[in-house]
Amino acid sequence: MAGSKRAAGERRQPDDPERTERAAEVLRALAHPVRVEIVRLLGEGELCVKRIEEILGVPQPSVSQHLARLKYAGVIESERRGHLVCYRLRNTGAADAVDAVVNEE
């Protein structure tokens with residue numbers, strides 16, 4: 001049970017296997033420096049592909065592949081606005097995890 005206290009020496013019970021697999025999928029999606037930077041950027045607010053490309057200095061095809069991987073894992077979501085596609089975080093816990101690891105001393 002998340003958030004409950006355990007007695008000293010008491011072992012944590014495994015989570016639901018589907019939930020654990022979803023968590024592992026998110027962590028796999030985050031396992032690339034460009035995707036970590038994308039999540040950090042989107043943690044500050046919504047951005048369109050072109051702006052992400054400009055900020056990171058990464059070619060558009062590469063940015064699109066990274067965005068697709070994060071979207072597949074449920075970390076981000078997109079919205080089409082005319083010819084623009086804008087992205088925002090869907091899983092703020094993933095952004096919190098990235099921040100915790102990046103800012104660890």
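His-66 is buried, at a relative accessible area of 9% (buried means under 20% relative accessible area, exposed over 50%, partly exposed in between, with a 1.4 Å probe and protein chains only). This is a predicted model, where local features need pLDDT of at least 70, side-chain atom pairs count only at pLDDT 80 or more, and totals for chains, interfaces and linings use all residues. Residues are numbered from 1 along each chain as its sequence is written, and side-chain values use heavy atoms, with hydrogens and water left out.

His-66 sits in helix H4. Helices (H or I, at least four residues) and strands (E, at least two) are DSSP runs, numbered from the N terminus. Setting aside neighbours within four places in sequence, His-66 contacts His-32, Val-34, Arg-35 and Ile-38. Contact means heavy atoms within 4.5 Å.

H2 and H4 pack at about 70°, and their axes are 10 Å apart. Axes are lines fitted to C-alpha atoms, for helices over the stretch in contact; angles run from 0 to 180 degrees between N-to-C directions. H2 and H4 are therefore roughly perpendicular to each other. That class spans 65 to 115 degrees; under 35 counts as roughly parallel, over 145 as roughly antiparallel, and the rest as oblique.

From H2, the contact involves Val-34, Arg-35, Ile-38 and Val-39; from H4, His-66, Leu-67, Arg-69 and Leu-70. These contact residues divide into 5 nonpolar, 1 polar and 2 charged. Here Ala, Val, Leu, Ile, Met, Phe, Trp, Tyr, Cys and Pro count as nonpolar, Asp, Glu, Lys and Arg as charged, and the others, Gly among them, as polar.

H4 also holds Tyr-72. Tyr-72 counts as exposed, at 68% relative accessibility. Tyr-72 and Asn-103 are 31 residues apart in sequence and 26 Å apart in space, C-alpha to C-alpha.

**The sheet**

Three strands form an open sheet in the order S1-S3-S2, with antiparallel pairing. S1 and S2 (76–81) stand at the edges with a single partner strand each, so one side of each has no neighbour in the sheet. H2 packs on the sheet and touches S1, S2 and S3; its direction makes about 85° with that of S3. Two strands pair if DSSP finds at least two bridges between them.

| Strand pair | Sense | Bridges |
|---|---|---|
| S2 and S3 | antiparallel | 6 bridges |
| S1 and S3 | antiparallel | 2 bridges |

Cys-86 in S3 stands opposite Glu-79. Cys-48 also stands opposite Cys-86. Arg-80 has Val-85 in S3 as its bridge partner. The hairpin of S2 and S3 has 2 residues between the strands, and Gly-82 takes a positive phi near 65° there.

**Helix H3**

Which residues of H3 (residues 49–56) are buried? They are Val-49, Ile-52 and Glu-53. These residues cover an arc of only 100° around the axis, which puts them on the same side of H3. The arc is that of the directions from the helix axis to the C-beta atoms. An α-helix has 3.6 residues a turn, so residues three or four places apart point the same way. The cover over the buried residues of H3 includes H2 (33–42), S1 (47–48), H4 (60–72) and S3 (84–89). Just after H3, Gly-57 takes a positive phi of about 70°.
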